[in-house]
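Please look over this model with me.

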Amino acid sequence: MFTAEDMFDDNLLLQFHKYWSSPDQEGIAPYLEKREMLNMPIYMGEGGENSLGWYAGAFGLYEDHHISWNFWTWKKLDTVNSPCSIRRPHHWDLILNCVDGSGEKPDQAASAAILNEYLDNILLGNCDYLPGVLRAVQRKLPLRMPAEHYGHRGQNISWGATADSEREQAGLQALTSKEQPNVFRPDDGIHVGFLMAQDGTPNYHLKPEEEWNEEHRLCVTLTAGDWVAYPFLCESPAAYTLQIKLRALTESADKGTHEGIDEIAELVVHTDRYRHQTINVSSQDWSIISAGQQTISSSGEFDLKIEVISGTIVIDWLEWLPVGQ
């Protein structure tokens with residue numbers, strides 16, 4: 001273990017890699033502790049190779065904790081999760097089948113033609129550029145953000161949570177760990193659990209082209225007094241529509257019946273650049289709610305804040321879309 005006695009120079013930093021693991025503060029806690037103990041900068045020197053939703057959470061985590069980072073990798077063959085995708089050469093499967101033993105070895109002329117095409121395709125100008133990848137890494141509009149990836153700058157900055165004891169005193173619904181298992185970001189006080197009721201831990205070992213299905217996905221449950229803030233980057237002024245996938249949560253919904261439902265959850269969505277928008281949610285079914293159209297008038301970073309005024313809501317994701325899409 002690296003200690004202060006091992007520091008052979010005053011100009012050092014510690015590097016760590018981050019793949020296929022939970023993109024939250026708990027997942028990088030050992031590195032944050034070491035930075036504090038040694039008074040030394042830390043650097044995420046290699047990370048990526050996951051879904052775009054994971055990118056939005058992981059690289060935002062580093063930014064919020066002032067950790068420099070490097071993305072791996074910028075260019076891969078026939079990919080969906082790197083900024084540049086190398087076009088797959090014709091007859092590439094002949095090479096793959098030979099390597100894994102499922103096919104015969106192609107002759108020298110055929111092999112040369114396939115590999116020479118690969119060398120041509122690997123040139124940056126011949127690759128397909130995937131702008132959504134870097135938008136996810138940089139949290140840049142337009143972007144879909146999984147609800148669990150709100151900011152990491154601490155309580156009362158990136159989130160506000162009402163303690164269960166305070167909820168009980170106010171006559172509000174208490175969200176205990178038994179009712180809503182907190183499987184992600186457990187120390188925040190915001191309740192993050194699976195979209196579908198189940199036990200276990202989130203799976204961050206999917207293949208790059210796989211997105212979470214409903215059994216894998218997480219959701220954020222907020223009740224009156226709770227709020228979360230999502231950092232975004234607007235590169236240039238533009239008009240966007242904000243959509244949020246959410247539903248209201250009531251006792252009758254938990255019991256699997258829709259009889260006698262009259263509860264309406266109320267939330268407010270706003271930023272320093274986005275007008276206040278009050279939204280009422282009465283449906284217990286998942287719905288995509290439009291939070292209105294707004295022109296972001298200047299470039300730079302901003303936070304989108306979702307605050308629950310009454311009732312309880314469950315959020316799956318939120319997305320900024322260019323007007324017209």
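1. Start with a term. Buried means under 20% relative accessible area, exposed means over 50%, and partly exposed covers what lies in between. Arg144 has a relative accessible area of 42%, so Arg144 counts as partly exposed.

2. Keep in mind that this is a predicted model. The protein chain averages a pLDDT of 87. Of the residues, 88% score at least 70.

3. Where is confidence lowest, and where is it highest? It is lowest in helix 7, residues 251–254, with a mean of 45. It is highest in strand 6, residues 128–129, at 98. Over residues 252–261, pLDDT stays under 50. For that stretch the model has eleven contacts beyond four places in sequence.

4. Now the salt bridges. The count comes to eleven. One of them joins Lys76 and Glu49, whose closest N and O atoms are 2.4 Å apart. Lys76 lies in strand 4, residues 75–77. Glu49 lies in the loop between strand 2 (42–48) and helix 2 (52–64). The pair therefore ties together parts that are 27 residues apart in sequence.

5. Are these two partners buried or exposed? Lys76 has a relative accessible area of 14%, so Lys76 is buried. Glu49 has 15%, so Glu49 is buried too.

6. Next, take Glu319 and Arg144. They form a salt bridge, with the closest N and O atoms 3.2 Å apart. Glu319 sits in strand 17, residues 312–322. Arg144 sits in strand 7, residues 143–146. The pair links distant parts of the chain, 175 residues apart. Glu319 is buried, at a relative accessible area of 14%, whereas Arg144 is partly exposed, at 42%.

7. Strand 17 also holds Asp316. The side chains of Asp316 and Lys245 meet in a salt bridge, at 3.6 Å from N to O. Lys245 belongs to strand 12, residues 238–248. This pair, too, links distant parts of the chain, here 71 residues apart. Both Lys245 and Asp316 are buried.

8. Which residues are linked in a network of salt bridges? They are Asp78, Arg88 and Asp93. Find these three in the structure and trace the links between them.

Technical notes. Residues are numbered from 1 along each chain as its sequence is written. This is a predicted model: local features need pLDDT of at least 70, side-chain atom pairs count only at pLDDT 80 or more; totals for chains, interfaces and linings use all residues. Side-chain values use heavy atoms; hydrogens and water are left out. A salt bridge is a side-chain nitrogen of Lys or Arg within 4 Å of a carboxyl oxygen of Asp or Glu. Helices (H or I, at least four residues) and strands (E, at least two) are DSSP runs, numbered from the N terminus. Buried means under 20% relative accessible area, exposed over 50%, partly exposed in between (1.4 Å probe, protein chains only). pLDDT is the predictor's confidence in each residue, from 0 to 100. Contact means heavy atoms within 4.5 Å.
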